[in-house]
Amino acid sequence: SCETPVRKVIPFANKPEDIVPGESNYYATTYVEDGDAISVLAKVRDGRPIKLEGNELSAVTKGGTSARLQASIIELYNTARLRYPTISGKEVTFEAIDKAIAGELAGPAVILTTTVTSPTSLEAINKFIAKYPGSRHVTYNSVSYSGLIEANEATYGKRAIPNYRFDIAKIIVGLGADFLGTWLAPVQFSKQYATGRKIDEKNPAMSKHYQFEGILSPTGASADERFQTLPSELGKVAAALLSAVNGGAVNGISDAHLKAGILKVAKDLNANRGAALVVSGSNDKNIQIIVNALNEALGSNGKTIDWSILNNTRQGTDAEFVQLLNDMKSGSVASLLIYNANPAYSWNKRDDFKAALKKVKTTISFNEKNDETTQLCKYVIPSNHFLESWGDAEPRTGHFSFLQPTINPLFKTRQWQDNLLKWAGEPADYETLLKNYWMTKVGGGETGWLKTIQTGVINPVQSPVAPAPFNAAAVAAALAAVNSTKKGGKYELVLYQKIAIGEGQGASNPFLQEMPDPISRATWDNYVMISPALAKELLNIDLYNEGRADEYEVFPEKPVIKLTGANGATVELPILVIPGTHPNTIGVAVGYGRTAKIGKAADGYGQNVYQFASLNGDTVQFEQYDVKIEKTGKKYKVAQTQVHDRYNSIIGGKRIEVLKELNLPEFVEDPKEILRDREEELKPYGGVENFEKQGTIYPYYDKPGIHWAMSVDINSCNGCGACVVACNIENNVPIVGKDEVARFHDMHWLRIDRYYTGDVDNPNVVFQPLMCQHCDNAPCENVCPVNATNHSTEGLNQMAYNRCIGTRYCANNCPYKVRRFNWADYTGADSFPNNQDQTTVGKLDSSVLDRNEDLSRMVLNPDVTVRSRGVMEKCSFCVQRLQEGKLKAKKESRPLKSGANNEWDVKTACQQACASDCIVFGNVNDKDSAISKVRQENPLRLFHALEQLHTMPNVNYFAKVRNTDVKEVELPTA
């Protein structure tokens, strides 16, 4: 009755040899952003890159990815990308802008970039500098690591950052360092950290992690024991730890609990000399010097700290940028060439930079978007996206990763290196420079070069971990400076980065804006994190006692407060009550407060708080020790995807739990505790051994052939969200916008629930990835009146989208709440005009409407149906990948490979994205498959969520185990 419009396709007149329509090609390249460089494989379908996967050949990241990496594919098709060169905002040709710039480039120029790890890009920079004597290259990082770099220079004689080895550390101590989330190299560190959190049930042991911090971070949430610390006390904690490790007294710490914690940590550190690691997220040089002395005293230098390999990802120093700023003010900078850097947004005194920029005669931006700094530049030549570029990177000493274009430039853009080479009078372009450089390095001529870019990486021969000579001369002065730190005011502020948004890089990306923060579960905004105690004091909000603030928890309108810093900075932001925050500390995320010029997803969301940072000597501090808080009486909508904090409830007099956790000493003493709990829960169904065949109205059917299943190790999950974004990209999951999320209309097929246990003021935290459980006894299937949801012979709970009429009975009957109803035509897939009229469901955010653009739709995966409005959708175990893997095995006349001997035909998107290796997927009927083996090797921690309901899920979990002997105080039960 409804005719679909006919769209004619044009066949290849001359089909490229390596392209088969409908089949994907994979090309090794590198994700690069502000110094980060991660080896990836780009999936290219019919000439379009549509998905990124980690390159397992990289010895640095070993196939791990991050949420920002997964979402970066969207930036290629972002409608906010600059599309042509301009002079004073007017479009011009490359020839015209080259001629105009050639007439102005004379005298000293400064090239201002974020960290550049590319050897050939640095060569291009040097060629330009040689052409214009007196020129120089300045590196700028919005969130700098100056304190660490300068401390290393003072104590090790190296103006660099070493390679940290979390994988061989038995005791890990973090001092405000979110090393699993945003600090330095979280993908590498997550991969390393997870190796120490895997438990051999026959010989239970794991690394131990202590965290000292003022606000709850993803890293702190993963710690075995966590101590709340004021930002102004972190230096004194480091000094006290050093004293205690050396057998001295703990001074300068007034909090008795914190003091006892320091003594306990010092004892554990001393017991694990040579296998301990202490890291600090502070940008204070003196604190980092003390941490270096602490690691030296523990014998970490040359063991868990490797100076044979340097981390090159953060090279900018604040002192260097301050010098540039002074030179610009004095008029001694004739030309400023900017790539990726954006100090007009992220410098703490951005008005100073804007004023200084006006004194520079020639300003040139190579930035891909019209960001705050680019808007102030006369000449703009946008650079290519990294997926359109040639290049290389050396993120660690001797570890090289290569870029190759996976698509022709979509717009009139040009690589920034080509600009420098052209203006330097070089005859060759950057691609030729890159090729000649590496043909000389790797040998083998053209063949050697092609082989290099095909694998995408060069890994050095593994060398032993090496120390660096330590100079203790600076330690005494650092201790004196730290111990003389004045006590802060009543409230202290920490500026932090969110995993998704970072320093602001993710602000224009709708997939990152809608990714829930691991801790707050909030999307689309920044806010003020405050403790339950401070919420009670300021606003009389009492979450966990009599008279719980249900209105605060459930409704998105949150109270707004005004912050005033000691430097005069002010901002008004809503509050979120986050257990685990220090009672007198508040936290606000940087990276927000952008404009529509860098993307619709950034427009009007959150506030810029970089002005609260301050220059302390020659480094920028991202803490304020004295901020004033005022109530405004206003309210502001904050869209959260989760407002419940506890995983257990009392129903019918029985405790119902969705997950299980215990301490390592308890597990060693009584390894069958979880097994007994399961036996009791499954007693009505014949116990653990027989529950599949008993207690059901359905007859039991054998399940021969393939039976798909998944295993999730909660012990390894740190809530980073890479799996969530990977699932979104792979399965064309729509972005719905802030207003829809606030109505709980979010569409994520995979979510990561965050739960608190223990003390409300300093709780333990558990992350649980939750997707469709693909139940063999699925309660959703027998209530669908049109049989849209059904069960496959391979154990999949399937959805027939074109059969679904949107009754939502299945969602009502699902105890896991993992089914999503799409209330609107978020991706422009519907052919019915009335359904395309978004006013029928309320006006959608402009960031959502961007997904209806032809350019944005280029990222859609053609193997996955783009759902029209009014159907139920959910996790499919990436069924398109399953079919592709089965077809490949069938063509080669062999059984499907499901992880045996680490050979895979099929990996789900979430499994492949995870840097912590916490997800295993495969055919559970194959006894040699990875999932069969992991279940056989861990029977004592294995459980299924809500298995007492007898839904018989095909997803199992492994219980959370903490390496602590601290007994929990129960949170009030919901």
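These legends describe close-up views of a predicted model. In this predicted model, local features need pLDDT of at least 70 and side-chain atom pairs count only at pLDDT 80 or more, while totals for chains, interfaces and linings use all residues. Residues are numbered from 1 along each chain as its sequence is written, and side-chain values use heavy atoms, with hydrogens and water left out.

**View A. Seven strands form an open sheet with mixed pairing.** The strand order is S28-S20-S25-S22-S24-S23-S29. Strands are DSSP runs of E with at least two residues, helices are runs of H or I with at least four, and both are numbered from the N terminus. Two strands pair if DSSP finds at least two bridges between them. Strand S28 (623–624) and strand S29 (627–637) are the edge strands, each pairing on one side only. Within the sheet, strand S20 (residues 492–496) and strand S25 (residues 585–589) run parallel and are joined by five bridges. Val494 stands opposite Gly587 in S25.

**View B. Strand S12 (residues 276–280) is mostly covered.** Five of its five residues are buried, where buried means under 20% relative accessible area, exposed means over 50%, and partly exposed lies in between (1.4 Å probe, protein chains only). One face of S12 carries Ala276, Val278 and Ser280, the other Leu277 and Val279, and all of these are buried. Strand S9 (residues 171–175) runs parallel to S12 and is joined to it by five bridges. Val173 has Val278 in S12 as its bridge partner.

**View C. Glu23 forms a salt bridge with Lys891.** A salt bridge is a side-chain nitrogen of Lys or Arg within 4 Å of a carboxyl oxygen of Asp or Glu; by this rule the count comes to 50. In the pair Glu23 and Lys891, the closest N and O atoms are 3.8 Å apart. Glu23 lies in the segment before strand S1 (24–33) and Lys891 in helix H28 (residues 879–891), so the pair ties together parts that are 868 residues apart in sequence. Glu23 is partly exposed at 43% relative accessible area, and Lys891 is exposed at 59% relative accessibility.

View D. Glu213 and Arg226 form a salt bridge with the closest N and O atoms 2.7 Å apart. Glu661 and Arg962 form a salt bridge with the closest N and O atoms 2.5 Å apart. Glu661 is buried at 16% relative accessibility, and Arg962 is buried at 1% relative accessible area.

**View E. Lys208, Glu225, Lys264, Asp268 and Asp965 are linked in a network of salt bridges.** Side chains of opposite charge can pair when their charged atoms come close.

**View F. Pro779 lies in the loop between strand S36 (764–770) and strand S37 (789–791).** Pro779 is buried, with a relative accessible area of 18%. The C-alpha atoms of Pro779 and Lys191 are separated by 37 Å, and the two residues are 588 residues apart along the chain.
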